Number of protein chains: 2
Amino acid sequence: MTTNEKLSALREGMKNENIDAYIIALADPHISEYLPDHYKNIEWISGFTGSAGTLVITAEFAGLWTDSRYFVQAAEQLKDSGFELVKLKAQGAAEYANWLTVTLSKENTVAFDGKLVPVTIAQQLKLDLEPKGIKIKGDIDLISSLWTDRSDLPNSKAYLLPDKVTGKSTSEKIKEIQQILKKKGASTHLVSSLDDISWIFNIRGADVKCNPVVLSFALFNADKVWLFIDAEKLSDENKKELRDAGVSISPYQDIEKAIKSIPVNSSVYIDPKRNCYSYYTLIPESCKKIEGTNPSTFLKAIKNATELSHTRETMVKDGVALSRFFYWLEKHLGKEKIAETTVALKLKEFRAEQNGFVGESFDTIAGYKEHGALPHYKATQESDSILKTNGLLLIDSGGQYTSGTTDITRVVSLGEPTNDERKDYTLVLKAMIEGCTTHFPKGTRGYQIDAITRKPLWDHFRNYGHGTGHGVGFFLNVHEGPHVFNAANIDIAIETNMITSIEPGLYREGHYGIRIENLVVSQLDENTIFGQFISFETLTVCYIETSLIDKSLLEDYHIDWLNEYHNEVYKKISPNLNEEERTWLRIKTEAI
Amino acid sequence: MTTNEKLSALREGMKNENIDAYIIALADPHISEYLPDHYKNIEWISGFTGSAGTLVITAEFAGLWTDSRYFVQAAEQLKDSGFELVKLKAQGAAEYANWLTVTLSKENTVAFDGKLVPVTIAQQLKLDLEPKGIKIKGDIDLISSLWTDRSDLPNSKAYLLPDKVTGKSTSEKIKEIQQILKKKGASTHLVSSLDDISWIFNIRGADVKCNPVVLSFALFNADKVWLFIDAEKLSDENKKELRDAGVSISPYQDIEKAIKSIPVNSSVYIDPKRNCYSYYTLIPESCKKIEGTNPSTFLKAIKNATELSHTRETMVKDGVALSRFFYWLEKHLGKEKIAETTVALKLKEFRAEQNGFVGESFDTIAGYKEHGALPHYKATQESDSILKTNGLLLIDSGGQYTSGTTDITRVVSLGEPTNDERKDYTLVLKAMIEGCTTHFPKGTRGYQIDAITRKPLWDHFRNYGHGTGHGVGFFLNVHEGPHVFNAANIDIAIETNMITSIEPGLYREGHYGIRIENLVVSQLDENTIFGQFISFETLTVCYIETSLIDKSLLEDYHIDWLNEYHNEVYKKISPNLNEEERTWLRIKTEAI
């Protein structure tokens with residue numbers, strides 16, 4: 001079926017069910033950011049492959065609401081699909097809810113599949129639409145019957161990580177969560193989010209591309225914990241280990257029954273952002289729902305000493321792989337055919353040589369020239385550019401290692417850069433250094449770091465449409481909360497030992513994109529009469545292209561920072577390179 | 001009665017009414033920041049004169065919850081009062097609610113006078129306390145019967161401002177508000193906040209110290225408006241003008257009856273932060289309450305061209321007064337007795353020489369040496385320091401002119417400054433310049449400007465405990481919303497033509513305080529492919545002490561900004577000075 005045929009079939013289904021608007025969200029019952037193929041509804045029906053967006057379909061209109069990162073990509077992918085691009089003003093906002101209130105009339109019905117919609121979105125829809133007399137049906141799945149060649153649910157093997165890798169045992173983590181639940185007055189707690197579950201049970205798998213997680217649910221009460229997981233995924237030994245840690249193992253599909261069986265009048269702690277609406281509505285009506293962020297999300301974000309020490313080692317491994325890659329690129333560019341897709345493959349090859357490499361932490365973005373201006377570009381067969389000996393190449397990539405997760409962006413110039421490129425690049429670098437070197441009082445929020453990072457670009461009337469940074473897991477999801485560095489008013493203080501990316505950028509549509517990204521970890525700094533200060537330790541270990549720098553735009557302290565950083569990079573990476581590579585890296589890391 | 005006797009009497013009253021905890025908020029039925037004497041309950045019972053704080057009294061404990069601006073002042077004023085200081089972690093937070101949940105038991109009763117408590121606080125108390133089984137009584141006034149020598153309500157005359165001063169007629173403003181109400185689906189709208197009312201009706205008065213407002217309420221419906229005001233305050237001519245603008249005038253005390261008479265099933269738009277709980281509960285139960293910021297608060301914050309042009313002229317007048325004052329101070333210091341209170345008096349004298357001066361926009365803060373470390377210090381007879389020919393003097397003051405409101409802080413050194421003083425001063429100046437010179441994209445929030453302003457201090461592990469800036473009215477309250485520059489996650493974008501202060505500081509308890517404050521107005525700047533940018537025009541016109549500057553801590557662009565600013569200051573102020581003063585100002589504004 002073409003997307004147009006699928007859309008017609010869906011509209012037929014809407015007619016039969018008396019539905020005036022159907023919403024398809026990008027989610028699964030675990031509210032994952034990256035979805036198993038089984039749940040890629042939006043890609044199947046519209047062709048859009050981005051990681052954020054919502055489809056809304058009425059009889060007259062079919063639209064994809066997505067944010068500025070995907071405007072260009074969506075416009076291309078939706079061509080002739082029957083779907084139109086609707087540009088979101090704010091990333092992640094459910095602006096289509098407002099559109100629906102204006103478009104629909106009293107007595108109209110809006111429907112969606114509540115298993116694939118987070119509680120928060122369903123609640124907002126109710127809040128926005130019901131006062132206008134619009135009805136909401138949250139249990140309508142119109143896709144399954146149409147999508148005949150749909151993939152099965154993934155069934156990869158899972159495994160437990162030893163405490164010497166995670167730094168904290170499952171039983172300790174469970175105890176911590178139960179103590180928090182007690183404080184919150186909750187007797188039951190449902191966890192659907194896969195990275196939370198992976199962290200709690202020190203379990204990893206391969207059910208979702210790039211995220212080493214396992215399809216599962218968890219249910220806590222005051223003194224018991226159930227893990228709902230396909231029993232075949234785990235070895236008998238692992239199952240015994242879990243049971244020894246006090247975990248009861250139940251079949252994956254039993255979660256619905258278990259939620260329905262929560263004792264009447266319980267207090268259920270539930271994260272409305274990380275649970276699907278359907279399961280939320282299964283909680284017995286007599287129960288009191290306490291809504292809030294999963295306790296494990298906070299605990300997970302603050303890395304322990306073991307995780308940090310593994311992460312530091314992992315950064316060196318990743319830096320070695322990247323250095324070898326960039327050396328290879330310089331040596332072979334112009335001599336053989338290298339496409340954007342080659343970059344992704346080669347990078348993966350170099351990473352795979354490193355001990356403990358499991359896979360990519362997200363799809364590599366290798367954007368040559370104008371493709372670099374698409375912040376979340378992924379080369380396809382049709383788009384795949386061949387690299388020439390000129391222009392900018394932006395590479396944003398990361399690895400999953402059993403010892404940590406990486407995420408790094410670098411830009412290199414494949415020929416002599418223009419003055420405009422130099423200026424843009426230097427301002428982005430300046431922004432990144434400003435973010436990385438900031439000292440700030442305890443209690444500072446991510447939006448404050450965001451502003452400080454952007455300032456060097458604002459000073460020159462430049463800006464970027466995405467956030468400045470995101471939390472990063474330990475051998476887990478490359479995006480994790482609760483903290484984030486962006487302009488939104490998210491009231492989460494930066495605690496010590498949180499890993500975050502700092503990745504300002506600049507995008508000139510049709511020309512090039514620039515983004516420079518390091519990971520940092522927040523650490524205690526001076527304690528003065530003005531309070532306890534926190535600052536960042538830079539974790540990423542990889543040279544930053546200096547041929548693109550216009551020194552006149554930097555202050556001395558930016559130059560000092562860069563030279564010192566390069567000194568460290570050389571010291572840590574060079575022992576792992578061969579003679580030729582080492583000579584090359586010495587030049588790349590020379591003081592400017 | 002001593003404060004201790006008053007406290008005992010209050011506890012007696014609590015016992016009689018079976019109240020376990022009594023809350024006294026700093027508010028009046030208009031939720032004013034500055035209170036008429038009649039409503040100064042907290043000062044009467046505890047002796048604390050600060051502009052922010054809440055008393056909570058139980059049988060065992062009596063505490064004042066206030067923020068870091070008032071820690072030192074409160075500690076002094078509460079000495080032997082029977083009240084203890086409880087330090088707030090976050091300015092404005094109702095942290096005592098949490099204390100009450102921990103301190104009280106099930107079936108205990110918390111009471112307050114709902115006329116003197118904003119809706120938001122009452123709602124939060126209910127949310128926090130009722131689930132614990134604690135009862136809340138919102139209609140208990142235990143003060144009036146004890147406070148026998150209480151002042152009457154103020155009865156100053158009021159007057160209307162002509163459209164050539166306000167730039168917009170009352171009937172236009174009313175129409176704008178009614179259009180917004182229609183959009184929000186509201187048929188009725190209650191306005192209790194005096195600055196909102198003053199703006200809407202272009203009315204001014206003198207009922208509250210420093211704020212040129214008039215005790216009144218306003219009630220809107222789709223096509224009518226009522227102003228509740230003591231009829232004697234207005235001339236017949238003014239009353240006619242109001243009626244011609246479509247305003248019905250009712251007696252002040254009729255507001256309760258009017259609220260009770262709102263037609264059943266109305267939709268009432270009400271600002272929960274700017275209305276008292278008692279009046280909120282008077283709204284008929286059948287009505288739907290739509291809660292949100294008063295439309296007039298947004299409209300008022302965006303100054304029109306007339307207001308801005310008057311304000312610019314007013315800044316010159318205020319700058320002339322300040323220049324004359326500082327010249328006088330330099331000439332007389334060491335030769336006659338000058339106390340902190342003299343500073344306030346003299347400043348007022350110089351301001352009073354200016355055309356259109358009405359009064360101070362807040363109590364002058366003249367803090368010599370260690371008194372400067374109290375951000376909201378007001379000299380009393382006991383504390384009044386005599387100025388010597390050494391040490392820092394901080395002066396934060398402002399004027400109400402019929403042509404605008406001013407607010408400015410300057411620090412001068414009365415002798416040879418120390419290196420520490422120079423360093424602190426220069427970093428504060430750098431912070432102020434960073435804030436004033438920032439360009440930022442449309443949509444930027446106040447918390448982003450706050451972070452950028454603080455950075456030069458953070459870089460040196462310094463910080464200040466108050467916000468960076470506040471909105472300022474046009475011949476109205478010196479503090480006005482909805483925008484604010486502070487670290488809290490307040491989701492209000494900076495629009496063009498908003499007036500805001502930028503006032504970073506640094507406080508060394510027991511030694512000195514530094515704060516430098518200019519007012520700025522947001523203006524459109526460049527429109528690039530990265531979006532529309534906004535920047536600030538500096539409004540305040542007064543030299544900034546340069547003898548305290550350590551140039552080595554500034555970048556060239558800070559120095560350029562200061563020199564250019566001083567050039568402007570001299571150009572605008574000097575024509576209004578005499579020869580001697582002019583010569584003096586030329587030196588004060590010399591390029592560094």
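Welcome to this predicted model. Start by colouring chain A and chain B separately, then look at where they meet: across this interface there are 9 residue pairs in polar contact, with both partners at pLDDT 80 or more.

**Stop 1: the side of chain A that touches chain B**

Select four elements of chain A: strand S21 (439-441), helix H16 (446-458), strand S25 (505-508) and strand S27 (518-528). Each of them supplies at least two residues of the side that touches chain B. Which element gives the most? That is H16(A), with 7 residues. If you colour this side of chain A by class, you will find 15 nonpolar, 7 polar and 10 charged residues.

**Stop 2: the whole interface**

Now bring both partners into view. How many residues of each chain are in contact? The count is 32 residues of chain A with 32 residues of chain B. About 2,900 Å² of area is buried between the two chains, and carbon and sulfur atoms give 65% of that area.

**Stop 3: a salt bridge**

There are 2 salt bridges across the interface of chain A and chain B. To see a salt bridge, select A:Lys455 and B:Glu434 and show their side chains, which meet at 3.0 Å, N to O.

**Stop 4: B:Ser385**

Move on to chain B and select B:Ser385, in the loop between strand S16 (365-368) and strand S17 (392-397). Is B:Ser385 buried or exposed? It counts as buried because its relative accessible area is 16%, under the 20% cut-off.

Leaving aside residues up to four places away in sequence, B:Ser385 touches B:Ile338, B:Ala339, B:Glu340, B:Tyr368 and B:His371. B:Tyr368 is 17 residues from B:Ser385 along the chain, and their C-alpha atoms are separated by 6.8 Å. With B:His371, the link is between side chains: a polar contact of 3.3 Å joins it to B:Ser385.

**Stop 5: A:Ser250**

For the last stop, return to chain A and select A:Ser250, which is found in strand S12 (residues 247-250). This serine is also classed as buried, because its relative accessible area of 15% falls under 20%. Display A:Trp226, A:Leu227, A:Phe228 and A:Ile229 to see what A:Ser250 touches, again not counting residues up to four places away in sequence.

Notes. Residues are numbered from 1 along each chain as its sequence is written. Chains are lettered from A and ligands numbered from 1 in the order in which they are written. This is a predicted model: local features need pLDDT of at least 70, side-chain atom pairs count only at pLDDT 80 or more; totals for chains, interfaces and linings use all residues. Side-chain values use heavy atoms; hydrogens and water are left out. Contact means heavy atoms within 4.5 Å. Buried area is the accessible area (1.4 Å probe) that two parts lose on being put together, summed over both. A salt bridge is a side-chain nitrogen of Lys or Arg within 4 Å of a carboxyl oxygen of Asp or Glu. A polar contact is a pair of N or O atoms within 3.5 Å; within protein, one must be able to donate a hydrogen and the other to accept it, and residues adjacent in sequence count only if both atoms are side-chain atoms. Ala, Val, Leu, Ile, Met, Phe, Trp, Tyr, Cys and Pro count as nonpolar, Asp, Glu, Lys and Arg as charged, and the others, Gly among them, as polar. Buried means under 20% relative accessible area, exposed over 50%, partly exposed in between (1.4 Å probe, protein chains only).
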